[in-house]
Structure formats: structure tokens, C-alpha cells
Amino acid sequence: MNDPMTETPNEAGSDLLAGQPVRIVERDGVRYTLLGTAHVSQASVQAVEHAIGSGQFDAVAVELDPQRLQALTNPNALAQLDLVDVIRKGRVALFAANLALAAYQRRLAEQLGIEPGAELKRAVTLANEQNLPVHLIDRDVGLTFRRASQQLGFFGKLKLVAGLGAGLFSSEDVGEDEIEKLKQGDMLESSFGEFANESPALYEAIIGERDRYMATRLRQEHNSEQRNVLAVVGAGHLAGLARYLESDTEAPGPLLEQLESVPKKRNIPWITLLILAVVLTGIGIGFWRGGLDMGTQMLATWAMYTGGLAGLGALLAASHPLSILTAIVVAPFKPFRLSIPTGAFSALVETRLRKPTYQDFLQLRDDAQTVKGWYRNRVTRIVLTFVLTNLGSMLGLWLTGFIVYGKLAG
């Protein structure tokens, strides 16, 4: 392997990208021009146009994954989504997070007059027009969310969800701090707001790991016919990307597997199991001490609170009556399906009975910005059904546990 070498634009003797942050790394016979962009800057779009139009590059790499590229280039991509598959595979939370990110991007576009990531979209378009190979070097956003989530505790996850929800429904302009982050060039970091800085684990997952991932993808795409590669990335990634591109010696294949893996944790719901143990023990003692009447009364209490509050959650989501009934019936059987949330059942019924139309998907990004829109759009109402049903079921479980514990203690 040739020793990597870095240059600044002045050292390289080029003024093609004057005014834009650039790092140049030469490694293994390939000259990588790393162009740092701001995701809300027309100047960055122009820099991309000048660079690709110069004819100096054999390939173009961009800070995108296939999912994000599809979202930028195909406005109808969401209409091809299979919601039943999303629910069955337990991806509703990730889908909701993507909706929050899309709504945040829409607010930025309206406020600043430029589509976030326009320079990335332009880079792909121009490269295709000139028949240049395009490399999507960023990690899948779903993997990034899952790896970040695993690093957070229970309250950290709650804070993350609250932050995403606040950004989703807020009608205020995006703050100066978030816009400054976008000028440094990372959409995910800015959408998480200050929480990214407060949580080292989250910051590492959405910034540090992706720096190394993108550097590894560039090395993986090494091709003897591609000696000059332009990489368009957010300015915030420039230093880390250049560092890893210069110094990493580990083979790209195993390193990518490591950065793409989501270790399976044995997520044992200890608190839920404890409450269930209290409830089931109380019901058993009720039958033993008070006979059939007391035992039946405790069972009725369990069914009333878990099923009733789960049904109330579905009702608050304006779900179909049969979706509400499903929540009421399924919630009391929680001890027999610890890994399957009650909301999955009610959301599946809601999807079957009120199948989203093509227009619902087309309106998704607009409707996701307001509370009224969430109830009007069938797609987002399915997400509400899932979330509020689960919340009601959880509250019912906790409330029943306290009631039974009180009777046992008394």
C-alpha cells in the first residue's frame, strides 16, 4: 500500500473549489478530493457543479445511502411502502423517526428556500448525466438509528423520542443553532438538536462511526480505472473522513461488517416482568385466600385496566372501532407474548380496515408537520394507533401492579 498523503487545495495548486473546505488524500494510487459542503447552501451546490463539470474526476462519491437518495430523488418513494411489512418486522418506531426527519427537512426547505441535501442530489444527477460511476458511501440511516439507540438507556431513549416528537410537531422556525450545524454539514446531528452533544454515545454513532464508515466505503470502491475521485460530504465529516482514509489499515470488508452490525442484546424487560410477577402472584394469592370471588375480582381488575387503557389509547388515536376492540381484547394477554406489543395487533387491524391511499402517501410529508395532519392522514394515524395503544397498555400494566401490590401489602 502506498503511504497516504494529504494536501490542502492551495498545496494541490487548484482554485477550482476556492472558498469551500477541501481535503485531498492520495492513497493506493487514487487521489481523493473530499469536498466539504453545507446542506443548506446554494454555494455548495455551485461548487459541486463546478467540480463535476471540470471533467477532472473519474467517479463521484456522496454522503448518502440508497434510502436517503430515494427520498431525495423520488417523491413517490413512500407510496411504495408496505405498512403491513413495517409493522410485522417491528419497524414502526424507525418509520416514525424517518417521518420526523422528513418533516424537519420540509420545514428547513420552507424557511431557507433550499432543499436540505440539494448539493448531494445535484452531485448524483450530474454524475449520471456524465456517465460517471456514483458511490453511495454513507451508512443506512436505519442502522445508524439502531446502533445509536442501543447506546442509550431507558430515559435516554425517552428523551430522544421526545426530542424527535417536538421537532415533528413544532411550527416554529428552525433555530440558529440547528442551522449552524447544517452549515457544518450533517443532517442527522442537526435534527437531534442539542441532545447529540449531550450524549457522547449518540454523537459517536451519528458522526464518528459514519466518518470511518465512509472512509472504508471509499477504500472498498477502489478501482484501477478510477484514479481521481470526488467525495461530496458534509463539512462536519471532512476532518474525520480524511483521518480515517489516511490511517486505517484494516481490510474494508471486516471493518464494514463491524460498523454495520447491531449486536443482539437480550433485552429482558425486568420491570415488566417484576410487575407481571406481582400481578400474577396477587391473583394466585387472591384465589388461595379469598377463593373464587377474590381471584376473579383480581382477574377482572387486570383485564379492565390493561384492556381498557389500551382501548383508550386506540380511541385517542381515532382508530377504527375494530382496532379499538382488538386492543381491548389483546392487551390482557401480555404475559403470553412479552416480545410482541399490543399496538402491533391494533395497528395491523387498522391497516387492513383503513388501507392508506396513494394520496395519503403523497401528502405524508405535509401532513406529518401538524397534529391535525397526523389524524387526517391514514399512514400517520396507523403510527398513532401503534404508539398510543402501547402507551395505554403499559399504563394499564403499571396501574394494575400498584393496585394488586396494595391489596397484598394491606
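Predicted model: local features only at pLDDT ≥ 70, side-chain atom pairs only at ≥ 80, totals over all residues.
Guide: Residues are numbered from 1 along each chain as its sequence is written, and side-chain values use heavy atoms, with hydrogens and water left out.

Visitor: What makes up the protein in terms of helices and strands?

Guide: The protein has 21 helices and six strands. Both are DSSP runs numbered from the N terminus: helices are H or I with at least four residues, strands E with at least two.

Visitor: Why is helix α7 called largely enclosed?

Guide: Buried means under 20% relative accessible area, exposed over 50%, and partly exposed in between, with a 1.4 Å probe and protein chains only. Eight of the 10 residues of α7 (residues 141-150) are buried, so the rest of the structure largely encloses this helix. Among them are Phe145, Arg147 and Gln150. For the protein, buried residues make up 48% of the 410 residues.

Visitor: What makes α16 and α17 roughly antiparallel?

Guide: The axes of α16 (residues 321-330) and α17 (residues 342-353) come within 8 Å and cross at roughly 160°. That makes α16 roughly antiparallel to α17. Angles over 145 degrees count as roughly antiparallel, under 35 as roughly parallel, 65 to 115 as roughly perpendicular and the rest as oblique. Axes are lines fitted to C-alpha atoms, for helices over the stretch in contact, and angles run from 0 to 180 degrees between N-to-C directions.

Visitor: Which residues of α16 and α17 meet?

Guide: Leu322, Ser323, Thr326, Ala327 and Val330 in α16 meet residues of α17 including Phe345, Val349 and Leu353. Contact means heavy atoms within 4.5 Å. Ala, Val, Leu, Ile, Met, Phe, Trp, Tyr, Cys and Pro count as nonpolar, Asp, Glu, Lys and Arg as charged, and the others, Gly among them, as polar.

Visitor: Why are α2 and α6 roughly parallel?

Guide: α2 and α6 pack at an angle of about 20°, with their axes 8 Å apart. They are therefore roughly parallel to each other. Val48 and Ile52 of α2 and Ala123 and Leu126 of α6 are among the residues that make the contact. By class, the contact of α2 with α6 has seven nonpolar, one polar and three charged residues.

Visitor: What makes a set of residues a nonpolar core?

Guide: The set consists of buried Ala, Val, Leu, Ile, Met, Phe, Trp, Tyr and Cys residues joined through side-chain atoms within 4.5 Å. Of the 22 residues in the largest nonpolar core, Ile52, Ala123 and Val232 are among those that touch the most other members. The largest share of this core, five residues, comes from α6. A second, separate core of 19 residues includes Phe95, Ala96, Leu99 and Trp374.

Visitor: Why is Asn131 called exposed?

Guide: Asn131 has a relative accessible area of 70%, so it is exposed. Asn131 lies in the loop between α6 and β5 (134-136) and has a positive phi of about 60° although it is not a glycine. Most residues other than glycine have a negative phi.

Visitor: How do you know that Ala318 counts as partly exposed?

Guide: Ala318 has 32% relative accessibility, so it counts as partly exposed. Ala318 is in the loop between α15 (270-316) and α16, with a positive phi of about 60°.
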